[in-house]
Amino acid sequence: MSEQPEQPDQPENAEAARGRAKAYWRANLKLLGKLLAVWFVVSFGFGILLQPFLDQFQFFGFKLGFWFAQQGSIYVFIVLIFVYSYRMKKIDREFGVED
Amino acid sequence: MDTQTLIYFFVGASFALYIGIAIWSRVESTKEFYIAGGGIHPVVNGMATAADWMSAASFISMAGLIAFLGYDGSVYLMGWTGGYVLLALLLAPYLRKFGKFTVPDFIGERYYSDTARLVAVVCLIFISFTYVAGQMRGVGIVFSRFLEVDIDMGVIIGMTIVFFYAVLGGMKGITYTQVAQYCVLIFAYTVPAIFISMLITGNPVPQLGLGSELADGSGMYVLEKLDAVLVDLGFNAYTERTKSMVDIFAITAALMLGTAGLPHVIVRFFTVPKASDARTSAGWALVFIAILYTTAPAVGAFARINFIDSVNNTPYSAVAEVYKNYEDLGLVAWKDKNGDGVIQYSAGAPFAGKPDFDGEKRGASGERTVTNAPTENANEAYVDRDIMVLANPEIAGLPGWVVALVAAGSLAAALSTAAGLLLVISSSISHDVMKKTFMPNISDAQELRAARLAAIVAILIAGYFGINPPGFVAQVVAFAFGLAAASLFPAIIMGIFTKSMNKEGAVVGMLAGLVFTFSYIVYFKFVSPELNVADNWLFGISPEGIGFVGMFVNIGLAFFVKRFTTSTPQDVQDLVETIRVPSGTGGAHIH
């Protein structure tokens, strides 16, 4: 829940609200950056660019790079979206902008 | 009951269900028609999105593509799932907060311009019609194979069903039928996959079976065996990359960005109650999609093994009945080059192009005569990749009800996607072109009538393309994703993540991305297909992946133009501020 009382009519509070909106957006972008880095690494990284290297490792009956390209990256994608959804809910509450 | 009766029963029962839902969910306002009233539960929407997204291509063609492409087929698996991460993180919550009805609606308001809105409508219509023609064709093929009606009749039956629930129920009817269709299609996809995984590896979970040892006692892993057999027959190893790395990278990127920019997928996220629901809903959508997408590579690998085992070095007289059924449909052909009556299967095309049958004439072993001139190599078998999923249960000797389930499932996949596409086409016409641009004074009831009329016209056009498919349907799939990646996706992203992007920049960017990608694909696919080889490609990127470059063309030019034109008005900057915070989502409304 929001700690600050909401009084958007008063100018100094409007200023504070703008600052808070900026900080909220920065927190969102920071989280986005981290998650998209993972998104890139598991698919384009492990599944494509590093596939020839990772394929020398065996993962059950799979070559590791092949597994990331056809299975692993998809599982990570799912986790990423739920992590984003969960973390954003917390950030929304922290800044008092939850819907 | 015999298989044919079971097929009629399963398909008939599923159709009755869809029509029942359509009648129950009739709508009376444009808000219900466009976005189902905006009150769909995120998990329900996730399931509907999965059915909306997974088309006849995902259900019927993808496993077959992977079976023949091996590692290179990964572009579809990563490309068509990774886009959901972008949707959930970069688009869906903000567009839901914006709270309007269509994708051009957002572009039009954010870039305070009817030109931008109409450019977005053009992109949307091109992308969606390309797609829908393929769905109608898929419906026709499934009908002709399983229900023994001809393809044209199949298309007409499919059109009638879609007509019922798309025109009566709009988004609301589509949402609930898509949920039912998801259940039908995922059951139909996984049940045979589990059976086949059991048969081949003894492991009932296909995702694990793909990494298991074969059940034949050889002690070899599935993929190891497949690599060995294929290399032996002169093919590339299954797990090896054959396309260039840069091309694989670009195609995957174009499919991901294109997925995130497809209007019929984006609008599904307008139907949930809150912005935060849009995030979770995208997660659920991907869960439901991943069930099929992680099963598909297993189905592909098993199908390839089954196919080689049941065809190679088998006399034509001993080959399974199912192949002869597909031979009658022209999807399988055999040219006995060495005249020994035995099918030899190996790398290379058996003859140039698709088989050209000599009427009903039969060769020495009873096979349909192919008139194409044979090639030099030893391969005698032609197979259309699309039969892999449809024929797999029969090849593996599964019971009749599984075969019937696959028939109902593939129709569910095609119909659910077709309906979603037709809805975005009709709402962009009635809402963006009519209400928002040329006829702002029409009432809600008139707009709803227009939306229904537009849906009817769209269904008729789609049906026409289904019956008279332009020869290039398969080839223009690249269009839909490439154009979405190069036009709508960057325009939406810049609209949310920059406040300064103005209408001039956005319009020039969209048009440039569109024209660049369009010309590149048309040049290599239609104008000079003989030049369509890696040496001539820009940066070594094939037409399938060029949308990735198109996106940079769009963004680059947009920022360039922005520098020399007027800045964004204050009220639009305020709008961007508002869509960035979830609070105060409220329902969608008309201004």
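Buried residues make up 60% of the 591 residues in chain B. Here a residue is buried if 20 or more other C-beta atoms lie within 10 Å of its own, exposed if 12 or fewer, and partly exposed in between, with C-beta atoms placed from the backbone. This is a predicted model: local features need pLDDT of at least 70, side-chain atom pairs count only at pLDDT 80 or more, and totals for chains, interfaces and linings use all residues. Residues are numbered from 1 along each chain as its sequence is written, while chains are lettered from A and ligands numbered from 1 in the order in which they are written.

**Chain B overall**

- Chain B has 21 helices and 6 strands. Helices (H or I, at least four residues) and strands (E, at least two) are DSSP runs, numbered from the N terminus.
- The C-alpha trace spans about 80 × 55 × 45 Å along its principal axes.
- Of the contacts in chain B between residues at least 6 apart in sequence, 82% join residues at least 24 apart. Two residues are in contact if their C-beta atoms, placed from the backbone, lie within 7 Å.

**Domains of chain B**

- Chain B is assigned domain 1 (3-306 + 398-580) and domain 2 (324-395). The bounds come from an automatic or database domain assignment.
- The C-alpha centres of the two domains lie 32 Å apart.
- Their contact takes 23 residues from domain 1 of chain B and 13 residues from domain 2 of chain B.
- On the domain 1 side, α4 (56-69), α8 (151-201), α13 and α16 (400-438) of chain B each give two or more residues. The largest share, 8 residues, comes from α4(B).
- That side divides into 16 nonpolar, 6 polar and 1 charged residues. Ala, Val, Leu, Ile, Met, Phe, Trp, Tyr, Cys and Pro count as nonpolar, Asp, Glu, Lys and Arg as charged, and the others, Gly among them, as polar.

**Nonpolar core**

- The largest nonpolar core has 231 residues, and L185(B), A407(B) and L422(B) touch the most other members. Such a core is a set of buried Ala, Val, Leu, Ile, Met, Phe, Trp, Tyr and Cys residues joined through C-beta atoms within 7 Å.
- The largest share of this core, 23 residues, comes from α8(B).
- Both domains of chain B give residues to this core, so it lies between them.
- L185(B) touches A51(B), M54(B), F59(B), G409(B), A412(B) and A413(B), not counting residues up to four places away in sequence.

**Contact between chains A and B**

- The contact takes 43 residues from chain B and 36 residues from chain A.
- On the chain B side, two or more residues come from each of α5 (74-98), α10 (222-232), α11 (245-260), α13 (275-311) and α21 (570-580). The largest share, 12 residues, comes from α13(B).
- By class, this side has 22 nonpolar, 14 polar and 7 charged residues.

**E98(A)**

- E98(A) is found in the segment after α3 (64-94) of chain A.
- With 19 other C-beta atoms within 10 Å, E98(A) is partly exposed.
- E98(A) touches D92(A), R93(A), P582(B) and S583(B), leaving out residues up to four places away in sequence.
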